[in-house]
Amino acid sequence: MQTEKYDLAIIGAGPAGMMAALRASECGADVVLLEKNHVPGIKLLMTGKERCNITNAETDPLKFAANFGKNGKFLLTAFYHFGIEETIAFFHKNNLKTKTERGGRIFPESDKSRDVQKLFLRLIKESNITLLTSCRLKKISQKQNTIEKIILDNAEIRAKNYLISTGGRSYPLTGSTGEGYKWAGQMGHTIIKPEPALTPVLVKEKWVKELEGLSLKNVRISVYQNNKKQDDRFGEALFTGTGLSGPIILDMSKSIGKLLVNGKTDLFIDFKPALDFNILDKRILRDLEKYNNKSIKNILPGLLPKKLIPVILKAAKTDPDKKGHSITKDERKKLRLLLKQFPLTIKSLSGFNKAIITAGGISLKEVDPKTMRSRIIHNLYFAGEILDLDGPTGGYNLQVCWSTGYLAGENAVTIDPENKLP
């Protein structure tokens, strides 16, 4: 079996692995980048609805890290070393123009995630990096607390240092099948149970199929359990054929998943959060009086998207052809309540097949945040989604890949693997 020797072997050519390879090569290392797909960065193509939400415009590392909860502190060294400003500069230097949208979300000016992938493929080709695609890792061979080699189908790789950046378990069709957890676990690392994060929500009501594709802007969504509000968000959402998706839902999915373990969980949509009950009632009454000879279904477009009107009227048990002057006070109250507290019963989360990222992963206690080096294996590093880190939508999770990948790639070259573990 053929044996190849390198300074650094990187397992997984997603965003973190590619960034690590480029930085290590820039530092003078002989790098091999291993990818089981036929081309690197396939999952990158799917991010940001295929537009690639590169990062977020929040440049304060402390505020950025706070979006990752208690685990956010782990990221501070990485963010201070190669943060948002450095990331944007990296893309601009390599001729990829960016633009900033609502919520500080930064995208390629072209709106094409493929342009980001092409940039990395070009840089890898121009750098001192050996890229091996369509290759399967069969075994990681270690001796005590050091990796000796990795064995592929028809070759073995020996390196001074190794980096695992295989991602999590979300979108398994892109290759994210959780194999990295298995290898890390075999080497003694603790794996925090992987759970789907930033995933759509499924509801029990079958009629949501009628609303599939309906986009909701400036709505407030609340989640209740045992008649107590557990979460509350304002922004955008989207009806799917089986439930809800969109930024609000994705960001709430982690907390919803935890609630579902404890039983029945309900969701309420406020379609008019800027209006309280009294003001909304006056608005409905005004429209009914103004268009008193019109049917209610033709009066409501001033308040609701047309696609939503039949569903609301059916829930209110109101004849859609009933004239405005015939709508009773009781019907008006039902209508008002549905506009402010439209109820849905959560069935489950969509799971890993639709999850954008994975919560859980390599325990941060076993990784040095200053270097991304394993505290268990002398010559092993981690970067990206495989770590127990998950943030909200808006470019936060890709920034983790850029920052931890850059830091790991640099330190995997500059730290002698014989040095004592931190």
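**Reading strands, helices and loops**

Student: In β15, which residue is the bridge partner of S222?

Tutor: The partner of S222 is F268, which belongs to β15. Please keep in mind that this is a predicted model. Strand β15 covers residues 266-270, and five bridges join it to strand β12 (residues 215-225), with the two strands running antiparallel.

Student: To which other strand is β15 joined, and by how many bridges?

Tutor: Four bridges join β15 to strand β16 (residues 342-349), again in the antiparallel sense. Within that pairing, D266 stands opposite T345 of β16.

Student: Why is strand β15 described as largely enclosed?

Tutor: A residue counts as buried when its relative accessible area is under 20%. Four of the five residues of β15 are buried, so the strand is largely enclosed by the rest of the structure.

Student: How are two packed helices described?

Tutor: Two quantities are used: the angle between the helix axes and the distance between those axes. For α1 (residues 15-26) and α13 (residues 396-414), the axes come within 7 Å and cross at roughly 35°. The crossing of α1 past α13 is right-handed. The residues that meet there include M19, A20 and R23 in α1, and W402, Y406 and E410 in α13. By class, this contact has ten nonpolar, two polar and three charged residues.

Student: Is Q144 buried or exposed, and is L198 buried or exposed?

Tutor: Q144 counts as exposed because its relative accessibility is 72%, and exposed requires a value over 50%. L198 is buried, with a relative accessible area of 5%.

Student: Where does D231 lie, and what does it touch?

Tutor: D231 lies in strand β13 (residues 228-239). D231 counts as buried because its relative accessibility is 11%. A polar contact of 3.1 Å joins its side chain to that of R233. Leaving aside residues up to four places away in sequence, D231 touches I221, S222, V223, M252 and S255. Among these is S222, the residue whose bridge partner in β15 is F268.

Student: How far apart are the C-alpha atoms of D388 and G168?

Tutor: D388 and G168 are 220 residues apart along the chain, and their C-alpha atoms are separated by 9.5 Å. D388 is placed in the loop between β20 (380-382) and α13, and at 13% relative accessibility it counts as buried. With residues up to four places away in sequence set aside, D388 touches N71, I192, G360, G361, I362 and L364.

How values were computed. Residues numbered from 1 in each chain as written. Predicted model: local features only at pLDDT ≥ 70, side-chain atom pairs only at ≥ 80, totals over all residues. Heavy atoms only, no water. Axes fitted to C-alpha atoms, helices over the stretch in contact; angles between N-to-C directions. Left-handed = near helix turned anticlockwise from the far one by under 90°. Contact = heavy atoms within 4.5 Å. Nonpolar A, V, L, I, M, F, W, Y, C, P; charged D, E, K, R; others polar. Buried < 20%, exposed > 50% of the residue type's maximum accessible area, 1.4 Å probe, protein only. Polar contact = N/O pair within 3.5 Å; in protein donor to acceptor, adjacent residues only side chain to side chain. Pairing = 2+ DSSP bridges.
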